[in-house]
Amino acid sequence: MTIKAKERRALLDQTLTARASLAPAERPALAPRRLGPIADQANIYAEHVATRAKHYDEAKANGLLLMQLDPKKIRATKFKNRDDRSLLLHDPKFIKLSKSIAAHGQETPIRVRPVKDALPFEFEIVSGHRRHAACLALDVSTNNGFPIIAMVDAAADETRDLVLKMYRENADREDLSAFETGMMFKSWLDAHVFPTHEAIASETGQTRQNVSRYMLLASLPDYVVTAFRDPRVISLRWAQDLSSAVQSRATELKVLAEELAKRTPIPSPEAVFAELVLGTPKKKPDIARASESIKEGNKVLFELSAREGRYGIRLGKHVDKRLRKELQKDLKEWLHMWLKARASGADK
């Protein structure tokens, strides 16, 4: 190795040794790396996807998820509260509903709950039997099928929750006939969903008297129901008289009812009722009982009844049940003050 080569080698060794001796803190720091606008947008999108997934899971858990389903995979519940005539293709109201859905689409979703081991069915109707029947008919007549919009309500797993949701939906629309309501209440008792008339009255907000009337309609023999041709036209106010007629003269009534069912032209529901109850001894009226319903708009706030110095208050079905205890306390205090003031005045 020449002298110049040795000098260059020595200089290189010195330089490398000097660099190696530098402390980490003395080394120049690298500038922070910027992700740039594309990466920022990616992070925002990821957060958006995560939020939507969270909302989806919450909606699904709370029964608020809308889905398009094949109507052929949805079955009616055994607690359906529609008379079969309401689901017939030639029923005028059903025809109107089907035409509306065909022309404008299904504006109101039905409510369903998942079912297991029921293939080919995957869901069961909680509410919306007429809309389902209409979509089912349209599905058959449409080349590409006609999916139905449904809200999957996993919370309706309990039978009591199922039947009450069905009742509330129809009660809000005031769409069920008295006979259909009676058959619905009867099915609840038969299936032991509710033990008594009182329990049904408490849950639905109906009076005990009305529940009994509905049950009388549901208990009418087939020959009486057939006399009206369509049981949906039977009025609730006729329930007691029809039931009394059945009890007092069943044999005679059956012959008359069968004749009315064949009569042409078809008599009006009022005429059928009048003939069926004609000649039936009137049941002795109960002691007079006055009642009054207090409403706010179309909703009943409470019903006040009076009978021989006894007073009763029944809250409307829309009133929060948690208010009962507070109401009882306030009423007790008010009534005490009211009676005390008037009793003092009477003593003078």
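Q: Which residues touch the most other members of the largest nonpolar core?
A: This is a predicted model. Its largest nonpolar core holds 42 residues. The residues in it that touch the most other members are F185, W188, F194, V224, F228, L242 and L276.

Q: Which helix gives the largest share of this core?
A: Helices 5 to 12 each give two or more residues to the core. One of them supplies six residues, the largest share, and that is helix 6.

Q: Which residues does L242 touch, leaving out those up to four places away in sequence?
A: L242 is among the core residues that touch the most other members. With residues up to four places away in sequence left out, its partners are L220, V224, F228, I234, F273, L276 and V277.

Q: Which residues are included in the second, separate core?
A: This second core is separate and has 17 residues. Among them are L69, I110, F123 and C135.

Q: Why do the buried residues of helix 8 lie on the same side?
A: Helix 8 spans residues 208-218, and its buried residues are N210, V211, Y214, M215, L217 and A218. In general, an α-helix has 3.6 residues a turn, so residues three or four places apart point the same way.

Q: Which helices do the buried residues of helix 8 pack against?
A: The buried set includes V211 and L217. Its packing partners are helix 6 (178-190), helix 7 (197-204) and helix 10 (239-248).

Terms used: Residues are numbered from 1 along each chain as its sequence is written. This is a predicted model: local features need pLDDT of at least 70, side-chain atom pairs count only at pLDDT 80 or more; totals for chains, interfaces and linings use all residues. Side-chain values use heavy atoms; hydrogens and water are left out. Buried means under 20% relative accessible area, exposed over 50%, partly exposed in between (1.4 Å probe, protein chains only). Helices (H or I, at least four residues) and strands (E, at least two) are DSSP runs, numbered from the N terminus. Contact means heavy atoms within 4.5 Å. A nonpolar core is a set of buried Ala, Val, Leu, Ile, Met, Phe, Trp, Tyr and Cys residues joined through side-chain atoms within 4.5 Å.
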